[in-house]
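Here is a guided walk through one protein model. Keep the sequence and the coordinates open as you read.

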Amino acid sequence: MRTLPKSIASWVELGLIAVVVSACANAANPLATTTEFDSLVPGWESKFTLDWNVEPSKDGTSRLYGRVSSHYGQHASPFRVLGMAVDSSGKVIGQRIEWVPGGVPGFTQVYFEIGHLAGAASYRVTVWDYTFIEAQGTLQ
């Protein structure tokens, strides 16, 4: 019978730890705060630049459009960009990932568009991810 109280105490301790961890995890909503993780490929800035503009849409959302310029000699495909709507306090209030059709050939510029972003005080666009095609049928 002595093991029963010890077992119950262990379960109570485990339950308290779970409650504390859960409370800490929910204290800050990751979608409502500015994130450091705005790309899956750190260092993309050394290979690509983005020039973009914002235009309001008729449905009340915003459209980001522009060009990706490659400063690297290999074709990057698939290629995705991330658009973020940011409020006046710097919090991300909306985000959307879009494909760049056909990828980005080396040393060229291609058009991209990110539609249906929430109206916001400002916007940010980053390269979300890409894969280099080194040779026919080989991915890096």
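The paragraphs below go from the overall layout to the sheet, the core, the rings and a few backbone details.

This is a predicted model: local features need pLDDT of at least 70, side-chain atom pairs count only at pLDDT 80 or more, and totals for chains, interfaces and linings use all residues. Residues are numbered from 1 along each chain as its sequence is written, and side-chain values use heavy atoms, with hydrogens and water left out.

Start with the layout. Helices (H or I, at least four residues) and strands (E, at least two) are DSSP runs, numbered from the N terminus. The order from the N terminus is α-β-β-β-β-β-β-β. Of the 140 residues, 30% count as buried. Buried means under 20% relative accessible area, exposed means over 50%, and partly exposed lies in between (1.4 Å probe, protein chains only).

Strands of a sheet pair through backbone hydrogen bonds, either parallel or antiparallel. Here, two strands pair if DSSP finds at least two bridges between them. Three strands form an open sheet in the order β1-β2-β5, with antiparallel pairing. β1 and β5 are the edge strands, since each pairs on one side only. Neighbouring strands of this sheet are turned by 20 degrees against each other on average, direction ignored. For such angles, axes are lines fitted to C-alpha atoms, for helices over the stretch in contact, and angles run from 0 to 180 degrees between N-to-C directions.

Phenylalanine 48 stands opposite serine 70 in β2. Glutamate 55 stands opposite arginine 63, also in β2. The hairpin of these two strands has five residues between them, and glycine 60 there takes a positive phi near 95 degrees.

A nonpolar core is a set of buried Ala, Val, Leu, Ile, Met, Phe, Trp, Tyr and Cys residues joined through side-chain atoms within 4.5 Å. The largest one here has 21 residues; Phe48, Leu50, Val68, Phe79, Val81, Phe112 and Tyr130 have the most contacts inside it. β1, β2 (62-70), β3, β5 (109-117) and β6 each supply at least two residues of this core. β6 gives the largest share, five residues. Take phenylalanine 112 as an example. Leaving aside neighbours within four places in sequence, its contacts include Leu50, Trp52, Val68, Val81, Val100 and Val125.

Aromatic rings come next. Rings of Phe, Tyr and Trp (its six-membered ring) pair if their centres lie within 6.5 Å; planes under 30 degrees apart count as stacked, over 60 as edge-to-face and the rest as tilted. This rule gives six aromatic pairs. The rings of phenylalanine 48 and tyrosine 130 have centres 5.0 Å apart and planes at 70 degrees, so this pair is edge-to-face. The pair links strand β1 (residues 48-56) with strand β6 (residues 122-135), and its two members are 82 residues apart. Both phenylalanine 48 and tyrosine 130 are buried. Tyrosine 130 also pairs with phenylalanine 79: the centres are 5.8 Å apart and the planes at 20 degrees, so this pair is stacked. Here β6 is linked to strand β3 (residues 75-86), across 51 residues. Phenylalanine 79 counts as buried because its relative accessibility is 0%; tyrosine 130 does so at 13%. Ring pairs link Phe48, Tyr72, Phe79, Tyr130 and Phe132 into a cluster.

Charges also meet rings. A charge sits over a ring if NZ of Lys or CZ of Arg is within 6 Å of the ring centre and within 35 degrees of the ring normal. Lysine 47 lies over the face of tyrosine 72, at 5.3 Å from the ring centre. Arginine 80 does likewise with tryptophan 99, at 4.9 Å.

Finish with the backbone. A cis peptide bond joins serine 77 and proline 78, with omega about 0 degrees. Proline 78 is in strand β3. Phenylalanine 107, in the loop between β4 (92-99) and β5, has a positive phi near 55 degrees. Its relative accessible area is 61%, so phenylalanine 107 is exposed. Histidine 116 in strand β5 has a positive phi near 60 degrees. With a relative accessible area of 52%, histidine 116 is exposed.

Technical notes: Contact means heavy atoms within 4.5 Å.
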